[in-house]
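Subject: Structure handover

Hello,

Here is the structure we talked about. Please have it open while you read the notes below.

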Amino acid sequence: MSLVFAGVCSHAPGITGRYERAGKAQREGFYTRMREMRRRLEAARPDALIVVAAEHFANFFMDNMPAYCLGMADGYEGPVEDEEWLGIGKASIPGNADLAERLIGVVLEDVDVSYAQEWKFDHGVMVPLNFLTPRYDLPVIPANINCQGPPLTPLKRAWKFGESLRRACEEQPERIALIGTGGLSHWPCTPDSGKINEAWDREFLDRWVRGDYSGMTGYSDAETYRDAGQGGFEIRTFVCVAGATAGSPRELLFYEPIPIFAVGCTVGVVQL
Amino acid sequence: MSLYYLQKLIYQLNRDEHVRQRYERDFEDLLADYPLDDGEKTALREPDIGLLYVMGVNGQLLMHYAALCGYEWDEYLQAMRDGVERYGPVRSGLYAMTET
């Protein structure tokens, strides 16, 4: 069928693990927009959901770090973190190995993506799923872009990865949804945790909403680190979704810094 | 200085139940499997979360080790701040990229 839904959202573990420490009005504002994202996702009646995430040493380490990887299994487990710490219980999440293999075959024509037949989801996937598919009844195909251990893939390659994913989706009979999940500026799990560069975030999001290829892919990693912290490297997931949906209008449903969540909480959707 | 193996031990400890069982049963035996220097082993044993941060351990790994060692979230953040105060700026790894 093709791509039937696309969007972006935050995934910080504090969103579920430290929810009680955020102001009620503040967190409900974010949660309400996440529920709206879920409503739109369900209205698109997808057969599978690709989650482009930026995992945090749950499966991949510096002994063999893929720049890009897609999951190719019929099921996954998560969260890998302590349930109480994350505020999300252990669960089995359905996958779709057959669809994943077909997608990978197409993407490989453009991008040397790795595949994994075993994958334990960390908060980068589980937090979005907690809001979007809390019954874990929609097959998920995880995709990872290395945003944690430099050297990192160039932003223009992340865009290209999105273009390739889109082309791969277009060639399948299934109805496929795509989300990118990451932080904008943030300094997670460092002494600067809670610091957020709101101006930088808003400028990036303006570029994301406008589909500004040059603006979104023009940051050097040194600039991103200086202005947006090491967490800012995760904009690759947003750039990927922008590449997958080039030319389509986008809507920013929510952006607000929530320091105890250690990130500017974001929800955006694409009008396909 | 073997930041890679220091992080690898913590990574495996975070993710592998068998490694965690070895950690609980005989930490010294587990440490012997990794080419760590004495300072790194001491920082792990203490644990000195602040020093591990200054040595360059990525926070995405370190926060789980701190939690395993009983640190609450705010205690973990404070331990890193104390480490920088006591030992100076981060010496290696991602956070040494452009220290401000």
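Two strands count as paired if DSSP finds at least two bridges between them. Bear in mind that this is a predicted model.

The sheet first. Chain A has an open sheet of eight strands with mixed pairing, in the order β6-β3-β7-β2-β8-β1-β10-β9. β6 (114–116) and β9 (250–258) of chain A stand at the edges; each has a single partner strand, so one side of each is left without a neighbour in the sheet. On average, neighbouring strands are turned by 20° against each other, direction ignored.

β9(A) pairs with β10(A) (residues 263–270) in the antiparallel sense, over eight bridges. Within that pair, Glu256(A) stands opposite Cys265(A) in β10(A).

At the other end, look at β3(A). Three bridges join β3(A) to β7(A), and the two run antiparallel. Leu70(A) has Ala143(A) in β7(A) as its bridge partner. With β6(A), β3(A) pairs in the parallel sense, again over three bridges. There, Gly71(A) stands opposite Ala116(A) in β6(A).

Which way do the residues of β3(A) point? Tyr68(A) and Leu70(A) point one way, Cys69(A) and Gly71(A) the other way, and all are buried. In a regular strand the side chains alternate between the two faces of the sheet.

Next, the helices on the sheet. Helix α2 (residues 24–43) of chain A lies across β1 (2–9), β8 (175–181), β9 and β10 of chain A. α2(A) runs at about 155° to β9(A). α6(A) also packs on the sheet, touching β1, β2 (48–53), β3 (68–71), β7 (140–145) and β8 of chain A. The direction of α6(A) makes about 145° with that of β1(A).

α6(A) has a helix partner too. Helix α6 (residues 155–170) and helix α10 (residues 235–244) of chain A pack at an angle of about 45°, with their axes 7 Å apart. That angle makes α6(A) oblique to α10(A). The crossing is right-handed. Residues in this contact include Trp159(A) and Phe161(A) from α6(A), and Val239(A) and Cys240(A) from α10(A). By class, the contact has ten nonpolar, two polar and four charged residues.

Last, the interface between the chains. The contact takes 21 residues from chain A and 20 residues from chain B. On the chain A side, helix α9 (residues 221–228) gives the largest share, three residues. That side of chain A has twelve nonpolar, five polar and four charged residues.

Best wishes

Methods. Residues numbered from 1 in each chain as written. Chains lettered and ligands numbered in written order. Predicted model: local features only at pLDDT ≥ 70, side-chain atom pairs only at ≥ 80, totals over all residues. Axes fitted to C-alpha atoms, helices over the stretch in contact; angles between N-to-C directions. Helix = DSSP H or I, 4+ residues; strand = E, 2+ residues; numbered from the N terminus. Parallel < 35°, antiparallel > 145°, perpendicular 65-115°, else oblique. Left-handed = near helix turned anticlockwise from the far one by under 90°. Contact = placed C-beta atoms within 7 Å. Nonpolar A, V, L, I, M, F, W, Y, C, P; charged D, E, K, R; others polar. Buried ≥ 20, exposed ≤ 12 C-beta atoms within 10 Å, placed from the backbone.
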